[in-house]
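Please open the model in a viewer and keep the selection tool at hand.

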Amino acid sequence: MKGTSGRLVVFALWLTSTVALALFNARTAYAMHIMEGFLSPAWAAFWFAVAIPFWVIGFIQIRRLVKEKPESRLMLGLAGAFAFVLSALKLPSVTGSCSHPTGTGLGAILFGPFVMSILGGIVLLFQALLLAHGGLTTLGANTVSMGIVGPLVAWGVWKGLRGRLSEGMVVFLAAALANLLIYVTTSAQLALAYPDPVGGFAASFAKFGAIFAVTQIPLAISEGILTVLIFRALRQTATAELETLGVQGA
């Protein structure tokens with residue numbers, strides 16, 4: 001167990017060491033996620049209202065998990081670091097947002113969607129404060145897309161297809177589809193806030209979604225492949241921890 005934990009520490013440190021590269025990129029890139037002040041107060045409040053119940057349930061689940069399985073804390077940190085690093089690597093996209101990997105699929109597979117709403121919210125908060133990436137007023141909206149919808153999709157794919165397809169394919173689909181649905185949600189959020197003067201929500205949604213797709217589809221594929229590699233590494237180095245978390249076949 002000590003040897004496994006030591007390898008996990010090294011693995012987590014390797015992931016977080018790339019934050020330096022993300023910080024450098026953040027100096028010259030556009031604002032991440034939906035940026036500060038881009039949503040009206042009404043829409044900002046609405047998305048916070050949607051996110052808060054998930055945060056409450058996620059907090060309760062994390063508190064119970066840490067109390068009953070304290071050894072899971074390192075894996076929680078790893079899932080958070082993975083999401084932080086990937087979602088801090090970005091490509092400029094439509095006005096007020098950008099495209100990037102998200103990293104939430106791995107945590108959703110390990111802990112479920114409610115825990116990831118907390119981890120995603122923490123990641124987004126630190127990015128808003130440290131990287132000018134996203135914003136405090138848009139934290140609710142960004143959490144709904146990256147910390148709630150994405151993990152729900154990944155968890156649903158993992159639960160629905162596990163045992164029907166190869167594990168690698170299920171992990172790939174969970175991470176890639178979560179990434180894509182995050183940006184479908186972001187497109188919907190932007191379209192609701194800024195409907196097209198002629199075509200309304202539908203026309204605006206189609207415009208935002210089409211522009212996002214140029215960069216997001218290859219990013220989703222890349223994230224799916226990377227998540228498979230990370231999950232396989234965890235299979236080899238953290239078997240006991242995966243068993244503790246109830247990941248079958250560990």
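**Stop 1: threonine 227**

Select threonine 227, which is buried, at a relative accessible area of 0% (buried means under 20%, with a 1.4 Å probe and protein chains only). The model is predicted: local features need pLDDT of at least 70 and side-chain atom pairs pLDDT 80 or more, while totals for chains, interfaces and linings use all residues. Numbering starts from 1 along each chain as its sequence is written, and side-chain values use heavy atoms, without hydrogens and water.

Threonine 227 lies in helix H9, residues 200-237 (helices are DSSP runs of H or I, at least four residues, numbered from the N terminus). Display the backbone oxygen of glutamate 223: the side chain of threonine 227 reaches that atom at 2.8 Å. Beyond neighbours within four places in sequence, threonine 227 contacts Phe82, Leu106, Val171 and Ala175 (contact means heavy atoms within 4.5 Å).

**Stop 2: H3 and H6**

Next, select helix H3 (residues 41-68) and helix H6 (residues 113-130), whose axes come within 7 Å and cross at roughly 105° (axes are lines fitted to C-alpha atoms over the stretch in contact, and angles run from 0 to 180 degrees between N-to-C directions). The two helices, H3 and H6, are therefore roughly perpendicular (65 to 115 degrees).

**Stop 3: the core**

Finally, select Met75, Leu110, Phe111, Phe231 and Leu234, which touch the most other members of the largest nonpolar core, a set of 56 residues (buried Ala, Val, Leu, Ile, Met, Phe, Trp, Tyr and Cys joined through side-chain atoms within 4.5 Å). H8 gives the most to this core, nine residues.

Definitions and conventions. Buried < 20%, exposed > 50% of the residue type's maximum accessible area, 1.4 Å probe, protein only. Polar contact = N/O pair within 3.5 Å; in protein donor to acceptor, adjacent residues only side chain to side chain. Parallel < 35°, antiparallel > 145°, perpendicular 65-115°, else oblique.
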